[in-house]
Amino acid sequence: MTAISDRQKLAYANAQAADGRINLEFETDEGMTLNMGPQHPATHGTLRIVVKLDGEQVIKCEPIMGYMHRGYEKLTEVRTYPQVTTLVNRIDWLGSFANEVPFILAAEKLMDVEAPPRAQWIRTILFELSRIANISLFVGDMALHIGAITAAFYAFRDREYVLNQIEAATGGRFHPNFDRIGGLKDDLPAGWIADTKASMSKLRDFCDQMETLVEGNEIFQARTRGIGVIPADVALAYGLSGANLRASGVDWDLRRDQPVGLAWNEVDWKVWTHPDGDSFARFWVRLQEIREATKIVDQLCDGLPSGAIMAKVPRIIKVPEGEAWVATENPLGEMGYYVVSKGDLGPFRVKIRTASFNNVAVIPWVTRGVYVPDVVTILASLYFILGDIDR
């Protein structure tokens, strides 16, 4: 066997040193630079966070996006309107059916079409089921970031009950592609209402478990109380929406304040806010929203009207020339579609407003002056999905 030469040893040592510099770089003038990502369990996907440190304290924290850009907005320009739902399903890949709704509503607005009442109610039920499936995973995931793995297993377990109902109605667990311009692909199967109400009861039990297991845990409280505080004015300035905005005390929910084409105004429910604006508040508000969404689903199931699930629309969808903007209160916050039509079979332009981009934009402000372990907690509490950022 040939002996390893000094040159080979030096090359090996240099390679190891280079790998080390990728992850941890020491700088004498500005302290230390710590790279989190683009592949890191705290970043919810291929996001890179560059953290400048003075000892254990964060001087500067910069999110670097673009590692997973998939070009949804441009892809819509070479798809017909019915085909676009397959694309937008995958933007917030945990949002499921909810991603489809604002785009379909924008197309219906341009076509001056309104879905029948039964279709609107079923859309709202599936929308809220998507919210529950999405946020229940957040609850377990945030506990996991702080070191509590049991809550994550509970979240995956009970989320399955909701995904089972989405699959039973639409045929798809993650990407239903079920919404249609003018209504829905199919009606609900026999027995679905009773099974859904039973699953909602299980999810309320899950919320009770999380309150005891996670929310009341002294370690969780110590890691989240007073950490990552975002005042209401800062939240509004950065365009935060959804639970991140309501956790800063802003009483704003598009389901109540700007309802469009769905049945939220037909049932009784509450918008939850929290005055503290910290990581704990963001967790707390989302946990209340799971419980509130189960109540919305129960009421909609009890009052579901009969009738058709599709309005009369042409077999070949050709949307009249015009522009339309529709936004809905999606699981991560406000999701809106600005659709420009030139009267063709597909959109001329589509601009997508997603919540995650703003959730990430506030990171440099909210992480300034915190400590390294708090960065992970804050990232988890802001809750973003990378497909929701790089559109």
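Helices (H or I, at least four residues) and strands (E, at least two) are DSSP runs, numbered from the N terminus. The model described here is predicted, so local features need pLDDT of at least 70, side-chain atom pairs count only at pLDDT 80 or more, and totals for chains, interfaces and linings use all residues. Residues are numbered from 1 along each chain as its sequence is written, and side-chain values use heavy atoms, with hydrogens and water left out.

Asn177 sits between helix H6 (149-170) and strand S5 (179-180). Although Asn177 is not a glycine, its phi is positive, at about 50°. With a relative accessibility of 23%, Asn177 counts as partly exposed; here buried means under 20% relative accessible area, exposed over 50%, and partly exposed in between (1.4 Å probe, protein chains only). Another loop, between strand S4 (57-64) and helix H2 (72-75), holds Met68. Met68 is partly exposed as well, with a relative accessible area of 21%. Beyond its neighbours within four places in sequence, Met68 is in contact (heavy atoms within 4.5 Å) with Thr46, Trp93, Leu386, Gly387 and Asp390. The C-alpha atom of Met68 is separated by 26 Å from that of Ile146, which is 78 residues away along the chain.

The next stop is helix H15 and what follows. Helix H15 (residues 372-382) is mostly covered, with 9 of its 11 residues buried. Among those buried residues are Asp374, Ile378 and Leu382. What comes after H15? Tyr383 follows the helix, with a positive phi near 55°. Tyr383 has this positive phi although it is not a glycine, and Tyr383 is buried, at a relative accessible area of 2%.

Tyr383 also belongs to the aromatic picture. The whole structure contains 8 aromatic pairs, where rings of Phe, Tyr and Trp (its six-membered ring) pair if their centres lie within 6.5 Å, and planes under 30 degrees apart count as stacked, over 60 as edge-to-face and the rest as tilted. In one of these pairs, the ring centres of Phe138 and Tyr383 lie 4.9 Å apart and the planes meet at 45°, so the pair is tilted. Because Phe138 lies in helix H5 and Tyr383 in the segment after H15, the pair ties together parts that are 245 residues apart in sequence. Phe138 is buried, with a relative accessible area of 1%. Phe138 and Tyr383 form one aromatic cluster together with Phe220, Phe280 and Phe283.

Thr196 lies in helix H7 (residues 192-215) and is buried, at 0% relative accessibility. The side chain of Thr196 reaches the backbone oxygen of Trp192 at 2.8 Å. Leaving out residues within four places in sequence, the contacts of Thr196 are Leu129, Gln165, Val297 and Cys301. Arg291, in helix H12 (residues 279-302), counts as buried at 15% relative accessibility. The side chains of Arg291 and Gln288 are joined by a polar contact of 3.2 Å. Not counting residues up to four places away in sequence, Arg291 touches Arg204, Cys207, Asp208 and Glu211.

On a 1 Å grid over the protein atoms alone, a cavity is a set of points where a 1.4 Å probe fits but cannot get out, and a pocket is an open set with protein on both sides within 12 Å along at least five of seven lines; lining residues have an atom within 4 Å of a point. Grid points are joined across faces, edges and corners, and a volume is the space filled by probe spheres set on the points. The largest pocket has a volume of about 280 Å³. Of its 14 lining residues, Leu105, Lys109, Val260, Gly261 and Val326 are the closest to the centre. Helix H4 (100-111), helix H5 (117-145) and strand S7 (322-330) each give two or more residues to this lining.

There are 2 cavities of 30 Å³ or more. The largest cavity has a volume of about 40 Å³, and strand S8 (residues 333-341) gives the largest share of its lining, 3 residues. The second largest cavity holds about 30 Å³ of space, and H12 gives the most to its lining, with 3 residues.

Notes
A polar contact is a pair of N or O atoms within 3.5 Å; within protein, one must be able to donate a hydrogen and the other to accept it, and residues adjacent in sequence count only if both atoms are side-chain atoms.
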